[in-house]
Amino acid sequence: MSEPLLEAKDISHSFDTLLFSNVNLSLNPYQSAAIVGRSGCGKSTLLHIFSTFLKPDKGNVTLFAKDLYAQKDEAIEALRRYDIGIIFQFHYLFKGMSAMENVQVATMLSATQIEDRLLEKLEIKELMSHKIGELSGGQQQRISIARVLSKRPRIIFADEPTGNLDNETAELVMDVLLDYTKETGAGLLLVTHDESMAARCDSTYKLEDKVLRLQV
Ligand SMILES: Nc1ncnc2c1ncn2[C@@H]1O[C@H](COP(=O)(O)OP(=O)(O)O)[C@@H](O)[C@H]1O
Ligand SMILES: [Mg+2]
């Protein structure tokens, strides 16, 4: 058995009140998992914790066999730059630049190449010379996904990536994300309120009553 990409143990976190406690989750190479739960229950907070951006009140997170809270800042920065891909519902693209320039920023930082095949699969190849401001929300979301996948991350954290997309585009985005995990062995952790998107993942967890449970 290969080592998990992500292992979270006994995680608790509060903002004003307790959001969740005793959260345990692990994700293996090639594996996809969804997290569902009601708005405000703490799903995005959990993703921030798993993806190095927030330290929980209690618990441990191990990414690629490294204990996050024992790492130096430079090691965390390297993880973010090379190994972790993050996709949000609202994309953060550079508005004045073309789609191609936006993707090039990522490949320049990670020293990777833009793959034509990825642009074709996302149906954005013909859009790459357009300025971001000329593209629809759904097109922009696919550009931002191309930007993240072009980094060749070993794990992808996606927070409601299909939340603003029509159903056909949402399915296309899920196809691309799941194909990427199959082709590269990366893991995918997907937060969604869409049961049909969650059902396409290998497993689904539900965050409810401050507890994360694997759905069976
Ligand atoms: N940085 C923060 N500071 C204070 N409260 C926060 C912060 N981030 C999230 N919260 C609160 O924590 C709760 C869970 O938020 P969130 O993780 O975004 O939930 P979800 O993604 O499930 O909708 C919400 O009540 C939210 O207002
Ligand atoms: Mg959220």
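## Helix axes and the overall fold

Axes here are lines fitted to C-alpha atoms, for helices over the stretch in contact. The angle between two of them runs from 0 to 180 degrees between N-to-C directions. Two packed helices are described by that angle and by the distance between the axes.

The model is predicted. Its secondary structure comes to seven helices and ten strands. The radius of gyration is 17 Å, close to the 17 Å that the globule rule gives for 216 residues, so the protein is as compact as a globular protein of that length. Along the principal axes, the C-alpha atoms fill a box of roughly 45 × 40 × 35 Å.

## α5 against α6

Helix α6 spans residues 167-184. Its axis and that of α5 are 11 Å apart, and the two helices pack at an angle of about 5°. Angles under 35 degrees count as roughly parallel. α5 and α6 are therefore roughly parallel to each other.

On the α5 side, the contact is made by G138, R142, I145 and L149. On the α6 side, T169, V173, V176 and Y180 make it. By class, this contact has five nonpolar, two polar and one charged residues.

## α3 against α5

Helix α5, residues 137-150, also meets helix α3, residues 99-110. The axes of α3 and α5 come within 8 Å and cross at roughly 25°. α3 and α5 are therefore roughly parallel to each other. The crossing of α3 past α5 is right-handed.

From α3, the contact takes A99, N102, V103, A106 and T107. From α5, it takes I143, A146, R147 and S150. The residues of this contact divide into five nonpolar, three polar and one charged.

## The shell around ligand 1

Which residues surround ligand 1? They are F15, L19, G37, S39, G40, C41, G42, K43, S44 and T45. By class, the shell divides into three nonpolar, six polar and one charged.

Which helix gives the most to this shell? Helix α1, residues 43-50, does, with three residues.

Key. Residues are numbered from 1 along each chain as its sequence is written. Chains are lettered from A and ligands numbered from 1 in the order in which they are written. This is a predicted model: local features need pLDDT of at least 70, side-chain atom pairs count only at pLDDT 80 or more; totals for chains, interfaces and linings use all residues. Helices (H or I, at least four residues) and strands (E, at least two) are DSSP runs, numbered from the N terminus. Angles under 35 degrees count as roughly parallel, over 145 as roughly antiparallel, 65 to 115 as roughly perpendicular and the rest as oblique. A crossing is left-handed if the near helix is turned anticlockwise from the far one by less than a right angle, and right-handed if clockwise. Two residues are in contact if their C-beta atoms, placed from the backbone, lie within 7 Å. Ala, Val, Leu, Ile, Met, Phe, Trp, Tyr, Cys and Pro count as nonpolar, Asp, Glu, Lys and Arg as charged, and the others, Gly among them, as polar. A residue is near a molecule or strand if its C-beta atom, placed from the backbone, lies within 6 Å of it. The radius of gyration is taken over C-alpha atoms; the globule rule is 2.2 Å times the number of residues to the power 0.38.
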